[in-house]
Amino acid sequence: MVSYIIRRFLLMALTLFGMSVLIFVLLRLVPGNIVDLLFDSAGFVNPADKALLEEELGLDRPIIVQYFDWITGLMQGDLGYSYVSEQPVWTEIAPRIPITAKLAVLALVFSIIFGVPLGVISAVRQNTMTDYILRVVSLSGLSLPSFWLGLIILMLFVQWFGYMPIYDRAPESFWIELGMYMIPAAAVGFRSSALVMRLTRSSMLEVMRQDYIRTARSKGASERSVNYHHALRNALLPVVTIIGIEAAFLIGGLIVTETVFNIPGVARFLVEAIRWRDYPIVQNLVMLIAVVVVFTNFIVDLLYAALDPRIKYSE
Amino acid sequence: MPRPENNPGAMAIDHDVELARAGANVTGWASGLLFQVRRHPLGAFGAVIVVVFVLAAAFAPWIAPLDPLATNPRASLAPPGSEYFLGADFMGRDMYSRIIYGARISLAVGLASTFLGCLFGIALGLMSGFLLGWVDLAIQRIIDIMQALPLLVMALVMAASLGPSLENTIIAISIPVIPHVARVIRSNTLALREMPFVEAARAQGMSEVRIAVRHVMPNTIAPVIVLATAQLGSAILTEASLSFLGLGVPEPHPSWGRMLSESAAEYVRTAPWLVIFPGLAISLAVFGTNLLGDALRDILDPRERS
């Protein structure tokens, strides 16, 4: 187990190193840097001023030197300065992280409390009308773009209540904050709940065919006890994996949802930084996301082994 | 054959019905199609939706009543009516015509990026699973890196670094498809390379590359079709999201996602039709491919059958 963990750590380090190179090179493939953007919008261009600004930002140096500067800074906890606000990257990103994290947790809670029970119902009533309706609903969850779902929710709110539940001021209390995030979280969580539901259903159906379920039935266990104590417990194992992976992948859905609901989280900030070619923000944010994804995968794998005694990671 | 009513102890099995249900009367492609349609009504419904969208894309110039790019200042934000069936946008362009033409963009980007992603995914997966050794190790690490970012983030970064154009949007969306396909093909190849027919080909003195391409690859077609259909829906969604964020298909192409970004939050109050219809088009198209994909998986991948 110890050697497995060490090996995984080394692989994670390798993956993150590869990602850092990839993102760094990709960003510099873009035709035009922030200096071009700024000078384009200004109209009048004095080449000397432009060169001066590029020098000031370090954009004139070889790309390898720029990369090593970034990585050595990163190792020492120095993320550099934003080109746009000229603030340290960390002070720009840090206050936005809890907002996105709260949204992601809420969306995850939403996907579990709807996805798991509905998946079980769908499996237990396989091929009934209930099952068909639930399957169509879950498939529609995978088909609706979450930004459109968000816009439709906004529209209904305008129709019924005459106001839009978007982020228009910093929330004063925890409960106001919770209420503010509830709707965007539901818009994002709908998709995840559909995924969780589909997986719970197929996993339940798989387990319900096993011999020990027949044994439990033949021993006279009630239908309820068979479904919930024997089947669901084992069916939830793969569901745990997908929930873990979804937790990290929710950030994709949050990018558009934060934009629709005007929420100042990291996901929307990434898009803004990309538009402004604010390299220090983009490369550090992308690395942050990659770290979260890679570590979540690792923890899910360990959790999987802890929950299922049949799984042992070879030495 | 004893009829159930003459033989009260026997279970009422109608052999003709049971045989038909198992597909015994399937003789040609037409009856085969009918058989699958009866068996997967939802999948057939999905196929109908997909066909409608494909036809709309193919015959857009004949179906669309107006030029999707023609502006008309007097019709700015015109509500749905006799002149503009689904209303007009801020520039007075006909929404109905734009949505019909939008099917072209969505399908082109969806199909092309899925195709590209599958092509590279198959090549990488086949090499990885067949050659093993250091090639496998190297490809696995590359796939790890590609999967370290959520799909939309990856596509966003790619789109931003390539710059906005139709072709670049296709490339950006195809990149996150590659690792999915490569993984599935690799695990299939690992199982296939141990098969007797591969051994037989080797005994005949066939080269490794030829074995991989002629004997292993054709056997991975079924999972690829299943995967490609599933990826098609997600590619259409990704295009919509990228264009919504303004980093996908640029103007003047009528992209469904782009229409929503133009009309986003402010039009929720003033011109809801600009928000409802493009989103409905995206959702329906993706819903259709998802339904079809589920049915194809049931038909082509027996292990997934429930």
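How many salt bridges are counted between chain A and chain B? The count is one. This is a predicted model, and the tour below begins at that pair.

**Stop 1: the pair across the chains**

Select R198(A) and D294(B). They form a salt bridge, and their closest N and O atoms are 3.0 Å apart. The pair crosses between chains, with D294(B) in helix α14 (residues 273-300) of chain B and R198(A) in helix α9 of chain A. D294(B) has a relative accessible area of 21%, so it is partly exposed. R198(A) is also counted as partly exposed, because its relative accessibility is 26%.

**Stop 2: the whole interface**

Now show both chains together. On one side 50 residues of chain A are in contact with 44 residues of chain B on the other. About 4000 Å² is buried between the two chains, and carbon and sulfur atoms give 78% of this area. Select F147(A), W148(A) and M155(A): within chain A they lose the most area to chain B, together 15% of what that side buries.

Polar contacts cross here as well, in five residue pairs at pLDDT 80 or more for both residues. Next, colour the helices of chain A that give two or more residues to the side touching chain B; among them are α7 (129-143), α8 (146-161) and α13 (279-307). The largest share, nine residues, comes from α1(A). By class, this side of chain A has 38 nonpolar, eight polar and four charged residues.

**Stop 3**

Return to helix α9 of chain A and select R201(A). Is R201(A) buried or exposed? Its relative accessibility is 10%, under the 20% limit, so R201(A) counts as buried. Residues it touches include G119(A), S122(A), Q126(A), D131(A) and R135(A), with positions up to four places away in sequence not counted.

**Stop 4: T100(A)**

Move to helix α6 (residues 97-124) of chain A, where T100(A) is found. T100(A) is buried, because its relative accessible area is 5%. Its side chain joins that of E258(A) in a polar contact of 2.8 Å. Beyond its neighbours within four places in sequence, T100(A) is in contact with residues including I251(A), L254(A), G265(A) and V266(A).

**Stop 5: P62(A)**

For a residue in a loop, select P62(A), between α3 (47-57) and α4 (63-75) of chain A. P62(A) counts as exposed because its relative accessibility is 53%.

**Stop 6: helix α11 of chain B**

Switch to chain B and select residues 208-216, helix α11, in which I211(B), A212(B) and V216(B) are buried. They cover an arc of only 100° around the axis, so they lie on the same side of α11(B). V209(B) and R214(B), on the other side, are exposed. The buried residues pack against α5 (95-131), α9 (177-192) and α10 (196-203) of chain B.

**Stop 7: two salt bridges in chain B**

Select R186(B) and D136(B), a salt bridge with its closest N and O atoms 2.8 Å apart. This pair links distant parts of the chain, 50 residues apart, from helix α9 to helix α6 (residues 133-146) of chain B. R186(B) is partly exposed at 21% relative accessibility, whereas D136(B) is buried at 10%.

Finish with R202(B) and E208(B), whose side chains meet in a salt bridge of 2.9 Å, N to O. Over all chains, the count comes to 11 salt bridges.

Methods:
Residues are numbered from 1 along each chain as its sequence is written. Chains are lettered from A and ligands numbered from 1 in the order in which they are written. This is a predicted model: local features need pLDDT of at least 70, side-chain atom pairs count only at pLDDT 80 or more; totals for chains, interfaces and linings use all residues. Side-chain values use heavy atoms; hydrogens and water are left out. Contact means heavy atoms within 4.5 Å. Buried area is the accessible area (1.4 Å probe) that two parts lose on being put together, summed over both. A salt bridge is a side-chain nitrogen of Lys or Arg within 4 Å of a carboxyl oxygen of Asp or Glu. A polar contact is a pair of N or O atoms within 3.5 Å; within protein, one must be able to donate a hydrogen and the other to accept it, and residues adjacent in sequence count only if both atoms are side-chain atoms. Helices (H or I, at least four residues) and strands (E, at least two) are DSSP runs, numbered from the N terminus. Ala, Val, Leu, Ile, Met, Phe, Trp, Tyr, Cys and Pro count as nonpolar, Asp, Glu, Lys and Arg as charged, and the others, Gly among them, as polar. Buried means under 20% relative accessible area, exposed over 50%, partly exposed in between (1.4 Å probe, protein chains only). The arc is that of the directions from the helix axis to the C-beta atoms.
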